[in-house]
Amino acid sequence: MLWSADDEAAGEEVLQVPDDYVLGPGDELQIDIWGSVDASLTLTVSRGGAIVLPRIGQVQVGGVRFGDVAKLLKQRTAQSFRQFDLSVSMGTLRSMRVFVTGFVQRPGLHMVPSLASLSHALAAAGGPTQIGSFRNVQLRRGGALVETVDLYELLLRGQSSVERRLQSGDVLHVPSVGPQVAVIGSVQSPAVFELKGGETVEDLLRMAGGLNPVADRETAVVLSLDRQVPVRELRWPKDMKAVLQAGEVLQVASLSGVQRAAMAQSKRVRVEGEVKRPGDYVLPAGATLRDALQVAGGLTAQAFPFGAELNREALRRQQVEHYDRALRELETEFARAAVTRKERIGPPADGESPKQTSEQLRLIERLRQVQPTGRLVMRLSPESTELPALALEDGDRLLVPARPQVVNVFGSVPNAGSFAHTADSYLGTYLARAGGMTRGGDATQMFVLRADGSVTSNRMLNSSWWKGHALEQLPALPGDTVFVPEELDRIKLSQELKDWAQILSSFGLGAVALKNLTQ
């Protein structure tokens with residue numbers, strides 16, 4: 001609350017009586033006389049404006065300035081006494097009636113000391129309400145507007161010149177509040193302020209006590225009060241003379257808040273493998289893979305950028321969701337195929353094992369044990385010596401492997417395993433080293449998983465004149481994994497679900513997953 005007054009007596013204690021104060025009925029004078037005569041008198045000015053001095057008589061003091069009353073009393077006392085001195089001070093001041101109207105806490109008639117100013121009368125009325133104006137307080141006397149007072153000059157700037165001494169019968173009127181704006185954030189005194197026309201951002205900041213020590217001294221934001229959304233940005237000091245509209249909010253950011261926001265936008269990444277300083281790093285917003293490698297000291301001589309693996313958590317969650325959906329569709333496809341087979345050739349004879357169903361169930365179970373890694377395939381050249389300037393996301397994990405020396409062969413082959421890579425070799429060379437495909441192998445679905453995470457299959461090559469052997473003619477790259485799927489008793493599944501290469505490329509399953517599928 002901006003205004004308070006305990007009682008009238010408390011108010012009188014702090015009032016200093018100026019010399020130009022005009023005495024009137026009800027004022028109390030304290031008179032001390034010493035010398036040839038001693039007396040201490042407390043006298044009240046009568047309705048007629050007089051006081052009565054013992055052995056001297058009536059003295060008319062009404063209408064006399066307080067600064068002149070001591071001289072007047074000495075002159076009258078000197079007519080009866082010699083060799084004396086005299087002092088006069090004010091006792092209780094007379095009260096006067098003032099009307100306070102409009103948007104105040106206690107409107108109505110208030111008795112205030114005769115020395116009361118405009119602020120004393122407002123204090124007696126409890127001050128303006130939340131919807132009362134501080135900047136347009138009207139003083140009326142005899143029915144006429146004497147002046148309009150801006151209380152901000154007194155309350156915020158300490159300008160006592162706006163104080164006005166009241167007279168009995170004066171009327172103070174507090175109208176409704178004018179246009180308002182708010183100043184929030186890193187200022188000394190955040191508040192809602194009333195505008196008085198033409199006031200700038202600089203004026204508002206001064207009203208709010210100025211910027212605090214941790215305020216952002218470069219920019220601020222103007223918000224819309226009803227929608228709490230940014231309207232425009234201000235820059236210091238260029239926009240100090242900008243003018244806010246009613247209902248807008250000036251928000252000054254804190255440097256600590258800016259730093260926290262910057263940290264919130266920073267990217268925490270882990271760099272592992274063939275780098276000089278592997279570890280966890282916090283990089284600024286907009287950082288790329290190349291930036292991550294730079295802070296990690298760069299690649300070692302053994303690094304194999306083509307096989308770099310970027311795992312991203314958001315991508316992993318998406319892959320898991322899609323992978324689970326694909327497995328459910330695969331189960332549905334198996335069940336549909338079993339029903340079709342039963343309708344076509346009837347149930348199995350007594351003692352005959354439902355081989356297809358058991359193989360399908362084992363396949364589904366093995367697939368469920370494999371989980372996507374969230375790998376993002378970057379499609380680099382095998383001869384690449386650096387990574388692309390791909391933007392990082394928070395939580396990314398970059399693994400740069402050493403250059404592999406083997407080619408892996410898994411699946412329906414007699415001798416699955418890893419074979420030393422030799423230059424200018426072909427994938428068929430390693431398939432032959434693994435003993436070639438078994439009778440149950442499905443050549444049309446054979447594919448190779450490259451070190452960069454990309455997948456190429458016979459189906460994708462789509463060259464019928466190669467008769468399913470196009471993949472074997474591809475040059476072998478370090479880290480290649482050749483996979484030969486089993487032909488599931490020639491069950492006619494949909495092309496999308498039976499295409500193993502599609503599964504690998506869509507869900508980021510790596511060479512370890514392929515090895516697990518064959519166990």
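Visitor: In this structure, are D150 and R135 buried or exposed?
Guide: In this predicted model, D150 is buried, and R135 is buried as well. The word applies to a residue with under 20% relative accessible area.

Visitor: Why is the contact between the side chains of D150 and R135 called a salt bridge?
Guide: The name requires a side-chain nitrogen of Lys or Arg within 4 Å of a carboxyl oxygen of Asp or Glu. For D150 and R135 the N to O distance is 2.9 Å, so the pair meets the rule. The two residues belong to distant parts of the chain: D150 sits in the loop between strand 9 (144-149) and helix 4 (152-155), while R135 sits in the loop between helix 3 and strand 8, 15 residues apart.

Visitor: What makes E199 and R135 a salt bridge too?
Guide: Their side chains meet at 2.7 Å, N to O, and because the cut-off is 4 Å, this pair also qualifies. Here again distant parts of the chain are linked, since E199 lies in the loop between strand 12 (191-194) and helix 5, 64 residues from R135. Both E199 and R135 are buried.

Visitor: How many salt bridges does this rule give?
Guide: The count comes to 26 salt bridges.

Visitor: Where do E313 and R317 lie?
Guide: Both lie in helix 8 (residues 313-345), four residues apart, which is about one turn of the helix.

Visitor: Why does E313 count as partly exposed?
Guide: Its relative accessibility is 33%, and because buried means under 20% and exposed means over 50%, this value falls in between. Elsewhere, salt bridges with shared partners join R135, D150, K196 and E199 into one network.

Visitor: How do you know that S117 is buried?
Guide: Its relative accessible area is 8%, and the limit for a buried residue is under 20%, so S117 is on the buried side of that limit. S117 belongs to the loop between strand 7 and helix 3 (118-124), and, leaving aside residues up to four places away in sequence, S117 touches E163, R164, R165 and L166. S117 and V162 are 45 residues apart in sequence, yet their C-alpha atoms are 9.8 Å apart in space.

Visitor: Which residues of helix 2 are buried?
Guide: They are F66, V69, L73 and T77. These residues cover an arc of only 60 degrees around the axis, so they lie on the same side of helix 2. In general, an α-helix has 3.6 residues a turn, so residues three or four places apart point the same way. The buried residues of helix 2 pack against strand 1 (28-35), strand 3 (50-53), strand 4 (57-60) and strand 5 (84-90).

Visitor: Which residues touch the most other members of the largest nonpolar core?
Guide: Of its 40 residues, L122, L205 and L250 do. Several elements each supply at least two residues of this core, including strand 6, helix 3 and helix 5 (201-207). Apart from it lies another core, of 25 residues, among them F66, F81, V88 and L93.

Visitor: What makes strand 6 (residues 95-102) and strand 7 (residues 108-113) a pair?
Guide: Pairing needs at least two bridges, and six bridges join these antiparallel strands, so they pass the test. In strand 7, V112 is the bridge partner of M96, and the two strands form a hairpin with five residues between them.

Visitor: In the open sheet of five strands, what is the order?
Guide: The order is 17-16-20-18-19, and the pairing is mixed. Strand 17 and strand 19 (375-376) stand at the edges with a single partner strand each, so one side of each has no neighbour in the sheet. Within this sheet, strand 16 (residues 267-273) and strand 17 (residues 279-283) are joined by five bridges and run antiparallel, and K267 has L283 as its bridge partner. Strand 18 (residues 309-311) and strand 20 (residues 397-400) pair in the antiparallel sense over three bridges, with L310 opposite L398.

Conventions. Residues are numbered from 1 along each chain as its sequence is written. This is a predicted model: local features need pLDDT of at least 70, side-chain atom pairs count only at pLDDT 80 or more; totals for chains, interfaces and linings use all residues. Side-chain values use heavy atoms; hydrogens and water are left out. Buried means under 20% relative accessible area, exposed over 50%, partly exposed in between (1.4 Å probe, protein chains only). The arc is that of the directions from the helix axis to the C-beta atoms. Contact means heavy atoms within 4.5 Å. A nonpolar core is a set of buried Ala, Val, Leu, Ile, Met, Phe, Trp, Tyr and Cys residues joined through side-chain atoms within 4.5 Å.
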